[in-house]
Amino acid sequence: MKAHQLAASLDTAAAEPLRAALLGRIESRQPLLLDGAEVMRVGMACLQVLASARASAIADRLSYDIGNASMPLREMATLAGFAAVLEPVT
């Protein structure tokens, strides 16, 4: 399964498309494998979407992982109190 490439800018405008993409994977019971290498900016809305996706993965017993998380993604997730979104679920 190919990882879903996260956008370079995960701002408020990116939250709905990200939610739709992740929901599609959840509904089709696909692992939530994400590639965070290109992320340069991330806002609270997208962090909330990622947190919700991770919680859904746990509840639905799906894998979840953000591979290659960029430094900006790691720093903002930690700063905003969403560091758990970086922790894989197997």
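**A walk from Arg61 into the sheet**

At 76% relative accessibility, Arg61 counts as exposed, because the cut-off for that label is over 50%. Keep in mind as we go that this is a predicted model. Arg61 belongs to the loop that links α2 (44-60) to β5, and its backbone deserves a look too: phi is positive, at about 55°, although the residue is not a glycine.

You will find Arg29 in the loop between α1 (12-27) and β3 (32-35). With 49% relative accessibility, Arg29 counts as partly exposed.

Now let us turn to the strands. Strands of a sheet pair through backbone hydrogen bonds, in either a parallel or an antiparallel way. In this model, three strands form an open sheet in the order β1-β3-β5, and their pairing is parallel. β1 (4-5) and β5 are the edge strands, each pairing on one side only. Between β3 and β5, the parallel link is made by four bridges, and Asp35 sits opposite Gly67 of β5. Across β3 and β5 lies α2, which runs at about 140° to β5.

Is Ser70 buried or exposed? Its relative accessibility is 7%, so Ser70 counts as buried. Setting aside neighbours within four places in sequence, the contacts of Ser70 are Gly36, Ala37, Val39 and Met40.

Definitions and conventions
Residues numbered from 1 in each chain as written. Predicted model: local features only at pLDDT ≥ 70, side-chain atom pairs only at ≥ 80, totals over all residues. Heavy atoms only, no water. Buried < 20%, exposed > 50% of the residue type's maximum accessible area, 1.4 Å probe, protein only. Contact = heavy atoms within 4.5 Å. Helix = DSSP H or I, 4+ residues; strand = E, 2+ residues; numbered from the N terminus. Pairing = 2+ DSSP bridges. Axes fitted to C-alpha atoms, helices over the stretch in contact; angles between N-to-C directions.
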